[in-house]
Amino acid sequence: MNDGEITVRFAPELGVFFGQRGGAPVRLDGSTLGHVVESLGVPLTEVGTLLVDGRPVQTGHIPADGESVTVAAVPRPRQTVEPVRFLLDIHLGTLTRRLRLLGIDAAYENPDIGDAALATRSAAERRILLSRDRGLLRRREIFAGAYIYSHRPAEQLDDVLSRFAPALAPWTRCTTCNGSLRPADVDVVRDRLPDNTGQSYDTFAECVECGQAYWKGAHHARLDAIVTDALSRFAGPRAG
Ligand SMILES: [Zn+2]
């Protein structure tokens, strides 16, 4: 059992997690540095390099009396396993639809299946779990996770795109169920369209999973703006 104290300083981006407690001495109890960081309220999914007296260490490091710890934020974009796949927590429905709009694989469970089942699905399907719930992100079984910092969907989307740099393929995925879209002949999808749509448009697609019909013009100008903005800022050369 260690005793004594260390000091822990966090990157400014991590200040959202611990309020006024950052920088205060921390009493040692034999825990790993990873546990110390989590006990101060910072999910390890958000932590980049850990430095102890200027030397990089792993989360399993056991701190010793007098050490000075610096905790960096996760680098952007970080290296991820390809293809980038996500699983979103129940409160992120709008972000889910925007990711799908950009062709990004974004699974979502509604109604809520609970933290344990979400973590299990993340592991089984190697999906990065996105959540604003720190407790969920602390679950050991998740494949990978990321805290969503903002409550505003536009900022949430920027957060995910800048952090993971997923490949963008707008208009290729069903925003309702996450299935892939395929081109469809108007005669095939006519009975699934609102009145007169079949006469007004000539480019159609359908979801291979749920059968929902899509057509050029079905997308509100606001969605077009989201796609255009994302492509202009995040579709450049991959930095990861
Ligand atoms: Zn669908």
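Trainee: Which residues of α3 meet which residues of α6 in this model?

Mentor: In this predicted model, T94, L95, R98 and L99 in α3 meet P153, A154, Q156, L157 and V160 in α6.

Trainee: What makes the packing of α3 and α6 oblique?

Mentor: The axes of α3, residues 93–101, and α6 come within 9 Å and cross at roughly 55°. Angles under 35 degrees would count as roughly parallel and 65 to 115 as roughly perpendicular, so α3 is oblique to α6. The crossing of the two helices, α3 and α6, is right-handed.

Trainee: Why is α3 described as largely enclosed by the rest of the structure?

Mentor: Buried means under 20% relative accessible area, and because seven of the nine residues of α3 are buried, the helix is largely enclosed by the rest of the structure. The buried residues are G93, L95, T96, R98, L99, R100 and L101, and they pack against β6 (85–88), β7 (105–108), β8 (128–131), α6 and α9 (221–234). After α3 comes G103, with a positive phi near 85°.

Trainee: How do you know that the site of the zinc ion is tetrahedral?

Mentor: The protein donors are the SG atoms of C174, C177, C207 and C210, which lie 2.3 to 2.4 Å from the zinc ion. The angles among the four donor atoms are 97 to 115°, and four donors count as tetrahedral if all angles lie between 85 and 135 degrees, so the site is tetrahedral.

Trainee: Why are C177 and C210 called partly exposed?

Mentor: Partly exposed covers values between the 20% limit for buried and the 50% limit for exposed. With 30% relative accessibility, C177 therefore counts as partly exposed, and with 41%, C210 also counts as partly exposed.

Trainee: What makes the phi values of W171 and N178 worth a remark, and are these residues buried or partly exposed?

Mentor: Most residues other than glycine have a negative phi, and most peptide bonds are trans. Phi of W171 is positive, near 65°, and phi of N178 is positive, near 80°. W171 lies in the loop between α6 and β10, and N178 lies in the loop between α6 and β10 as well. At 32% relative accessibility W171 counts as partly exposed, whereas N178, at 11%, counts as buried because its value is under 20%.

Trainee: Where are cis peptide bonds found, and what are their omega values?

Mentor: A cis peptide bond joins R76 and P77, with omega about -15°, and P77 is in the loop between β5 (68–73) and β6. A cis peptide bond also joins N110 and P111, with omega about 10°, and P111 is in the loop between β7 and α4 (115–124).

Conventions:
Residues are numbered from 1 along each chain as its sequence is written. This is a predicted model: local features need pLDDT of at least 70, side-chain atom pairs count only at pLDDT 80 or more; totals for chains, interfaces and linings use all residues. Side-chain values use heavy atoms; hydrogens and water are left out. Donors are N, O and S atoms within 2.8 Å of the metal (3.2 Å for Na, K and Ca); water is not among the atoms, so sites may look incomplete. Four donors count as tetrahedral if all angles lie between 85 and 135 degrees; four count as square planar and six as octahedral if opposite donors are over 155 degrees apart and all others between 65 and 115; anything else is irregular. Buried means under 20% relative accessible area, exposed over 50%, partly exposed in between (1.4 Å probe, protein chains only). Axes are lines fitted to C-alpha atoms, for helices over the stretch in contact, and angles run from 0 to 180 degrees between N-to-C directions. Helices (H or I, at least four residues) and strands (E, at least two) are DSSP runs, numbered from the N terminus. Angles under 35 degrees count as roughly parallel, over 145 as roughly antiparallel, 65 to 115 as roughly perpendicular and the rest as oblique. A crossing is left-handed if the near helix is turned anticlockwise from the far one by less than a right angle, and right-handed if clockwise. Contact means heavy atoms within 4.5 Å.
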